[in-house]
Structures are given as C-alpha cells and as structure tokens.
Amino acid sequence: KEPPCECNNCYTGKDCSVFLSDCPVNANSGDPLFLEPFWMQQAEGSAALVSGWHRMSYIYQDGTYISEELVKVIRKLHSVVGNAVTDNRFVIFGTGSTQLLAAAVHALSLRNSSSSTPARLLTSVPFYNLYKDQAEFFDSSHLKFEGDAFAWKNSERNDNTKQVIEIVTSPNNPDGKPKTAVLEGPNVKTIHDYAYYWPYFSPITVPADEDLSLFSLSKTTGHAGSRFGWGLVKDKAVYEEMKRYITLSSMGVSKTTQLHVLQLLKVVVRDGGDNIFHFGHETLKKRWEALHKVFSMSTRFLLQKIKPEYCNYFKKVRDFTPSYAWVKCERPEDTNCYEIFKAAKITGRDGKVFGSEERFVRLSLIRSQDDFDHLIDMLKKLVSQKAVEA
Ligand code: PMP
C-alpha cells in the first residue's frame with residue numbers, strides 16, 4: 001500500500017507513525033548524529049544567543065578573523081584529550097576542515113622548489129575521496145593528484161627530486177585504521193588529517209606532533225552543519241599562505257559560528273571531556289558489538305580488524321571503534337559489494353570511491369540511533385537470507 005503523500009517515505013498510517021520496516025536505510029554519509037542525545041542533555045549550557053547588533057564587524061578587536069578565546073579553548077581541548085601538541089603551533093580556522101584541506105594543499109604546493117613540474121598529491125589507498133575530488137576540481141597548475149602513495153613510492157617516476165605532498169588520515173576514513181606517512185625525504189611535505197583522532201573512534205596513543213595537522217568540529221562535537229575546522233601549523237610561512245587562502249576565499253570563518261563553537265567546546269572541556277567522550281565511545285562500542293554479532297552469522301562478509309591499543313585518555317587497552325564499517329564481500333561472485341548491499345536496501349558507499357576495489361563497501365555507523373537500529377535490522381535480513389540460500 002502506498003504511504004499517504006505527506007508522510008516521509010519510510011512511514012505510513014493516518015498520522016505517519018507506522019514505520020515501514022523494509023524501507024531503504026541510509027548508511028552512506030558520515031553525519032555524526034550519534035552525539036545528538038548528548039547535546040540534548042546540554043541544551044542550556046551549549047546555547048549561544050546572538051542579538052541582532054552583535055558581531056557585525058568582519059574582524060575582532062585585535063584586527064584578526066580569529067577569536068583568541070576560541071584558540072585558547074582549542075589548546076585546552078587538545079591538552080585534556082592528549083591527542084595533539086599545540087605548543088609552538090599557529091592555530092588557523094576554516095569553514096570545515098574541507099576548506100583547510102584546500103588551503104593546506106595550496107600552501108604546500110606553492111612551496112614547490114621545482115617550478116617546472118607540479119607538486120604531486122598522494123595518499124594511501126583506501127583514502128577519503130575529497131582529497132582527489134578537490135585537487136581535480138581546483139585543477140591548479142601547481143598540483144597534480146597522483147593517487148596511491150605506496151604505488152608512487154615504488155614507481156619509476158619517483159626519482160626523489162619531485163615535490164610531493166602526502167595526506168595521512170589517521171585514523172583513516174574509510175577503514176578506521178591508524179596510519180603513518182608512507183613517503184619521506186626532503187621533497188616530501190605531509191598533511192595529517194586527524195578528523196577522527198578522538199576517543200570515540202580510536203585509542204589516543206600519542207599526542208600528534210606533526211608539521212601540519214587538521215581537525216574537524218564535525219567529528220569532535222558532531223556539529224557538521226556548523227562548518228568549522230582548525231589546523232595546527234608549525235611553519236610560519238605555510239601558516240601565512242593558508243591564511244591568505246582563507247582570507248581570499250571567505251575572509252575568515254563566520255564570527256557567529258566561532259561563538260557557537262566556543263560555547264560547545266567550553267561544555268566539552270568543563271569536565272575534562274569525561275561526559276561527551278564517555279557517552280560517544282559507549283555508543284559506538286555498543287554499535288560495534290551489535291555489528292560484530294550480525295556479521296558473525298555470515299562468512300560472506302568480512303569486517304575490518306584492528307589490533308586494540310593502550311589509550312592514554314581512557315587509561316586502558318581498548319578496541320578501535322571506527323565511524324565506518326569497511327566491509328569486504330568474500331564470495332568470488334560478489335564482485336560489487338555496494339550493489340549487493342543496495343539490493344538488500346542498504347545504501348553504503350562504493351569501495352571504488354576511496355580508490356579501492358568494488359569488493360568493498362563503507363557503511364556509516366555514526367548516524368542517529370534510529371538509522372543504526374534500522375541498519376542492523378536490514379543487515380540481519382541480508383545475512384540470514386543468504387545463510388538460508390547457501
Ligand atoms: N577529513 C576526513 C577524513 C573526513 O572524513 C571529513 C568529513 N567526513 C573531513 C575531513 C571534512 O570535514 P569537515 O566537515 O570539517 O569539512
């Protein structure tokens with residue numbers, strides 16, 4: 001029976017309250033709504049009220065686009081979590097780490113010593129697709145996306161004289177594994193994307209102490225829609241060039257957003273992050289337990305495995321609890337994993353998008369609890385249906 005037209009297509013009935021259990025589930029985007037229940041408990045303390053006449057100027061009183069108070073809270077946040085060294089680092093803000101990635105790649109490609117050939121942008125497979133998409137879209141004469149860092153390392157074209165920029169995503173998107181740089185040498189510059197280096201997803205093993213590290217509010221507090229990210233930059237010239245990029249593309253980050261982020265991070269650091277990181281980690285731990293239980297009923301699909309490590313934040317050895325399941329379809333005939341899940345009404349993201357094979361699909365685990373419960377129901381159906389057929 002068709003649902004009434006005013007209901008969202010997963011619901012039916014007179015008041016749209018009847019859930020259609022075979023409705024397709026969205027496990028595609030990494031919208032971090034798993035933290036929404038935490039913020040519901042913090043409705044008052046996290047709210048920011050902005051009167052019409054407040055924050056109208058482009059700049060702050062010190063003439064910059066950056067709130068110094070927010071910089072202080074960010075430094076405090078890293079010190080309580082222990083995930084990054086902020087001493088002797090410039091702090092830069094962006095409209096999401098998306099803008100900072102473009103700024104960082106731009107800044108490092110301009111510092112190319114060999115001006116006749118563009119700098120090569122590399123990252124190891126599987127990688128977050130934005131790196132490639134941005135480089136190809138901006139199509140700069142200073143930069144060329146070259147794909148897999150391992151392949152480059154062993155290729156004949158790697159004569160160690162070409163300027164190379166490697167993006168290291170740790171823990172990685174899509175597979176949640178910790179990563180280290182593949183390339184080294186005087187012509188290699190590295191950008192570390194630490195969007196997921198928070199206790200929800202990963203043991204905090206060491207404070208990141210890199211030249212250029214990027215963080216995203218989307219995966220820190222879950223406020224993806226606020227479009228805020230920050231970078232820790234060691235080299236002043238690189239910082240200045242990134243700042244020029246941010247200034248020319250958006251004249252800094254919305255001051256209203258900066259106020260909102262300040263309120264949110266003050267709540268996070270108030271108790272050393274105990275509440276939010278505990279809540280978020282427990283949520284993901286339970287989700288991973290449910291996921292393992294379903295996949296243990298099948299030999300057709302394989303989940304990624306990551307060795308537990310000691311977490312300096314929780315002071316114990318713990319499992320990784322990544323944002324995404326990186327699923328491999330094991331049967332030789334299951335060549336396109338995305339399509340197999342799609343046919344079972346589970347929309348993930350094709351492994352090919354991440355520079356990997358179609359035999360992999362990524363499923364998002366950080367969406368709302370309703371989305372996750374629905375995902376588990378649909379996975380149970382997929383797994384049991386195939387067990388019967390086999
Ligand atoms: N880096 C990685 C690895 C990501 O997964 C994402 C978003 N999913 C980003 C950067 C971009 O995040 P933001 O929302 O801050 O632009």
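Visitor: In which handedness, left-handed or right-handed, does α2 pass α8?

Guide: In this predicted model, α2 passes α8 in a left-handed crossing. Two packed helices are described by the angle between their axes and the distance between the axes. Here the axes of helix α2, residues 68–81, and helix α8, residues 255–270, come within 10 Å and cross at roughly 30 degrees. Angles under 35 degrees count as roughly parallel, and α2 and α8 are therefore roughly parallel to each other.

Visitor: Which residues of α2 meet which residues of α8?

Guide: On the side of α2 they are Glu69, Leu70, Val73, Ile74, Lys76, Leu77 and Val80, and these meet Gln258, Val261, Leu262, Leu265, Lys266, Val268 and Val269 in α8. Sorted by class, the contact of α2 with α8 has 10 nonpolar, one polar and three charged residues.

Visitor: How should I read the pair α3 and α4, and at what angle do their axes cross?

Guide: The axes of α3 and helix α4, the latter spanning residues 130–138, come within 11 Å and cross at roughly 60 degrees, which makes α3 oblique to α4. The crossing of α3 and α4 is right-handed. From α3 the contact takes Thr98, Leu101, Ala102 and Val105, and from α4 it takes Leu130, Tyr131, Gln134, Ala135 and Phe138. By class, the contact of α3 with α4 divides into seven nonpolar, two polar and no charged residues.

Visitor: And how are α3 and α7 placed, parallel or oblique to each other?

Guide: The axes of α3 and helix α7, residues 236–250, come within 8 Å and cross at roughly 130 degrees, and the two helices are therefore oblique to each other. The crossing of α3 and α7 is right-handed. The residues of α3 in this contact are Gln99, Ala102, Ala103, Ala104, His106, Ala107, Leu108 and Leu110, while α7 brings Val238, Glu241, Met242, Tyr245, Ile246, Ser249 and Ser250. The contact of α3 with α7 has 10 nonpolar, four polar and one charged residues by class.

Visitor: Turning to the strands, in what order do the seven strands of the open sheet stand?

Guide: The order is β4-β10-β9-β8-β7-β5-β6, in an open sheet whose pairing is mixed. Its edge strands are β4, residues 90–94, and β6, residues 143–148, each of which pairs on one side only. Neighbouring strands of this sheet are turned by 25 degrees against each other on average, with direction ignored. As one example of the pairing, five bridges join strand β5, residues 119–123, to β6, and these two strands run parallel; the bridge partner of Arg120 in β6 is Lys144.

Visitor: What is the order of the strands in the open sheet of four strands?

Guide: The four strands follow the order β11-β14-β17-β16, and the pairing is antiparallel. At the edges stand β11, residues 301–302, and β16, residues 349–350, each with a single partner strand, so one side of each is left without a neighbour in the sheet. β11 and strand β14, residues 324–329, pair in the antiparallel sense over two bridges, and the bridge partner of Leu302 in β14 is Lys328.

Visitor: How many residues surround the ligand, and which helix gives the most to the shell?

Guide: The ligand is surrounded by 13 residues, of which the closest are Gly96, Ser97, Thr98, Ser216 and Ser218. Helix α3, residues 96–110, gives the most to this shell, with three residues. By class, the shell around the ligand has three nonpolar, nine polar and one charged residues.

Key:
Residues are numbered from 1 along each chain as its sequence is written. This is a predicted model: local features need pLDDT of at least 70, side-chain atom pairs count only at pLDDT 80 or more; totals for chains, interfaces and linings use all residues. Axes are lines fitted to C-alpha atoms, for helices over the stretch in contact, and angles run from 0 to 180 degrees between N-to-C directions. Angles under 35 degrees count as roughly parallel, over 145 as roughly antiparallel, 65 to 115 as roughly perpendicular and the rest as oblique. A crossing is left-handed if the near helix is turned anticlockwise from the far one by less than a right angle, and right-handed if clockwise. Two residues are in contact if their C-beta atoms, placed from the backbone, lie within 7 Å. Ala, Val, Leu, Ile, Met, Phe, Trp, Tyr, Cys and Pro count as nonpolar, Asp, Glu, Lys and Arg as charged, and the others, Gly among them, as polar. A residue is near a molecule or strand if its C-beta atom, placed from the backbone, lies within 6 Å of it. Two strands pair if DSSP finds at least two bridges between them.
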